[in-house]
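Hi,

Here is the structure I promised to pass on. Have a look at it first, and then read on for what turned up.

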Amino acid sequence: MLLSGNVFSQILGDNAYPGSFGSAFSSKLTRADLNFENYSYKKAAQLYQEALLSDQDNNAIKLKVAECYRKMNNPARAAEWYGRVINTDVVQPIHKLYYAQALSSIERYDEAKGWFEKFNNETGDSRGANKIAGINEISNFYTDSAMYEVAEVSVNTTLADFSPSYYGEGVVFASERGAGKGVKRIFSWNEKPFLDLYYSKADDKGVLSAPTKFTKKVNSKFHEGTVVFYDEGKKMLFTRNNINNNKIKKSSDDVIKLKMFFAETAAGGGWTNLSEFPYNSDEYSVGHPTLTKDGNTLYFVSDMPGGQGGTDVYVTTLNNGKWSKPVNMGNGINTKGNEMFPFLSKDEMLYFSSDGYAGLGGLDIYKAKVKGSTVTSSIVNLGYPVNTSMDDFGIILDETGKMGYFSSNRTTGTGDDDNYLLRIHKIDITAYLIDKETGDTLSLADHDIVVIDKTTGKAVPFLKEGNKVQFDGIPGREYEIRGSKEGYDDNVVSISTVGVTDDSLVVIVPLQKEVTVPPVEIELQEADILLVENISGKNQTFVLTPDSLISYVGTEDELNTTLAKQGIKVGKVIRITNIFYDLDKSFIRPDASAELDKLVDVMTNHPNIRIAMDSHTDSRQTNDYNVRLAKRRATSALNYLVKKGIKKARLSKDSFGETQLVNSCGNDAECAEDLHQLNRRTEFQIVR
């Protein structure tokens, strides 16, 4: 997992006492392994590289060096060392994921995509497919960059400063700055000081003053980190190593895990009544708390058994003075990767960081609406410049939702992890589809609404919740909200945020029900023949007149004979065939556009025709990936027809991935490229 040593240790814990390795161990390799096993990765990396001087072809040692740099969150060095062994037999599929993550973090996206694909093919793990999808559409993460204003705060040091939380007139955050004089306690993971909590007062513009150390009652000689204050600042819940009364407790695998502790303000000042969160454990970590304003609902992060992946977000509620059993937020939030640093805003928007979804690399910050343990909306990536190719995490927002702070280890910062001031220039826009005649709100399928920023020409990401969508509008922009629904005519509503001073807007998109006219029967004198031909053998034959479409069961020759016997002259013969795609692509090729244009002509002249499109792939990816690729191909064909003037309501699409091959070129079969090409197709069927 590509996280900074601080972020990683702040959720998984560490061994605070790595031991002392001296001349008693004659072998550098033995000493390196001991340091690695005891989480002293900086020292281990040095010793492994010294051992390589006398065993330069040892790929297992090179892999250990790569692992050390990954755990210290040095993606450039990790990528370098993984690259030395990635094609050797010491590498497991998970190392290909780590290599791809490291490449993403240093913005070598094309190379990363290849290794994400290899990992996905070998494991079917959703992280691979998610990351591939993100790289394929990476420009989308830059669409709303004008909305955000990001500035590094002046109180950062060359060490780690991260994870702020509102308190009093400022923020409390974790920092390594406190080595001080005398005996300096060093965290062996990265040979840097342990984390303590610091307080900085903020002015009305969010600028922070020089920090002071937070209360000694909370700060210990090990790690203190993410904290949340509630009940008007009278209570707090904070994360620290498994230590109480200056006594440490290790897990069965010799690791000091993380626990959460409650505290209250004392009558004379300071903090008192320290107590443990009841679901703490010596065997797994809990941390990163965020609470509702009333303090009765708590979201936190844990790697407890039974989760979705590495670290997951959990929720618990306070009932009659007791916390309920934590509930995993499920795949509405959690992935097989790591979800961390949740923050709940006043409007029940849960912000969190994850390395499991499509993004720019490392940890990205996402948001979703929640109600208790239920995720009520889709998930949106905040995009650049909040997110970068490195780790971005620990976001908090004030009551307005327009200003806050977050943390990042982006390379432009002062130190390792740094805190950043965030200002958001946005207008909250909510859009509904309604029936124009009745005024009833219409239910929403996934693609019934599309929002286009007319400045960029790109689709705007939005949260879909129930029968509405919500998106962040940038002041001074023009937007189009396109509505479409089966049984209704499409409609487009334009909205401008130029000069708008309101914080929010509501947009209604009225849709008119379609009016269908039944075909009129006439005596045929001349007719065209329409042939729909698919390589799978799903063919259709029609008699086509200006006002009707008549299905015919039989071959083209048989139809010609039948029409001749009835004295009907045959006009044009229109052949529409399935279209093909390049390997792993979904764009419409010139040969495909020619076929689609013929389909446009037929549908334009015959407004009662509706078309079903079935998209397929060859077998050279995982089943899950191929289903998604087929969906993209179906969408490309549909969008082409819509742009040519065909109403979306007249089109339907489905995707079958590699499940309906037209030949024997299945998994692991050796086939020529032209045979694979036959499977990469979208087929058409006239359904009405």
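This is a predicted model: local features need pLDDT of at least 70, side-chain atom pairs count only at pLDDT 80 or more; totals for chains, interfaces and linings use all residues.

Ile379 sits in the loop between β22 (374-375) and β23 (380-381). Which residues does Ile379 contact once its neighbours within four places in sequence are left aside? The list runs Gly332, Ile333, Phe352, Tyr357, Tyr366, Lys367, Ala368 and Leu463. Val227 is 152 residues away from Ile379 along the chain, and their C-alpha atoms are separated by 25 Å.

The peptide bond going from Tyr384 to Pro385 is cis, and its omega is near 5°. Pro385 belongs to the loop between β23 and β24.

Now the overall picture. The chain has 688 residues, and 52% of them count as buried. The C-alpha trace spans about 105 × 65 × 45 Å along its principal axes. If you take the contacts between residues at least 6 apart in sequence, 58% of them join residues at least 24 apart. The accessible surface is about 29,800 Å², with 48% of that belonging to carbon and sulfur atoms. As for charge, there are 79 positive and 92 negative side chains, and the centres of the two sets are 5 Å apart.

On to the rings: the structure holds 28 aromatic pairs. One of them is Phe162 with Phe393, where the centres are 5.9 Å apart and the planes make an angle of 65°, an edge-to-face arrangement. This pair links distant parts of the chain, since Phe162 is in strand β2 (residues 161-167) and Phe393 is in strand β24 (residues 392-397), 231 residues apart.

Another edge-to-face pair is made by Tyr167 and Tyr199, so classed because their planes stand at 85°, with the ring centres 5.9 Å apart. Tyr167 lies in strand β2 and Tyr199 in strand β6 (residues 196-201), so this pair ties together parts that are 32 residues apart in sequence. Tyr167 is partly exposed, with a relative accessible area of 22%.

Strand β2 has one more thing to show. Ser163 is found in that strand, and Ser163 has a positive phi of about 60° although it is not a glycine. With a relative accessible area of 7%, Ser163 is buried. Asp584 is another non-glycine residue with a positive phi, near 60°, and Asp584 is placed in the loop between β39 (579-580) and α10 (590-605).

There is also an aromatic cluster, made up of Phe262, Phe277, Tyr279, Phe300, Tyr314 and Trp323. Arg240 has its charged end over the ring of Phe261, 4.7 Å from the ring centre. Arg177 has its charged end over the ring of Tyr198, and there the distance to the centre is 5.5 Å.

Two more residues are worth a click. Lys234 is in the loop between β8 (224-230) and β9 (235-241), and with a relative accessible area of 44% it is partly exposed. Beyond its neighbours within four places in sequence, Lys234 is in contact with Ala263, Glu264, Thr265 and Trp271. How far is Lys234 from Tyr167 in space? The C-alpha to C-alpha distance is 9.8 Å, while in sequence they are 67 residues apart.

The other is Ser655, found in strand β41 (residues 651-655). Ser655 counts as buried because its relative accessibility is 15%, and buried means under 20%. Apart from neighbours within four places in sequence, Ser655 touches Ser615, Val627, Ala630 and Lys631.

Cheers

Terms used:
Residues are numbered from 1 along each chain as its sequence is written. Side-chain values use heavy atoms; hydrogens and water are left out. Helices (H or I, at least four residues) and strands (E, at least two) are DSSP runs, numbered from the N terminus. Buried means under 20% relative accessible area, exposed over 50%, partly exposed in between (1.4 Å probe, protein chains only). Contact means heavy atoms within 4.5 Å. Accessible areas come from the Shrake-Rupley method with a 1.4 Å probe; for residues, only the protein chains shown count as cover. Lys and Arg count as positive and Asp and Glu as negative; His and the chain ends are not counted. The place of a charge is taken as NZ of Lys, CZ of Arg, CG of Asp or CD of Glu. Rings of Phe, Tyr and Trp (its six-membered ring) pair if their centres lie within 6.5 Å; planes under 30 degrees apart count as stacked, over 60 as edge-to-face and the rest as tilted. A charge sits over a ring if NZ of Lys or CZ of Arg is within 6 Å of the ring centre and within 35 degrees of the ring normal.
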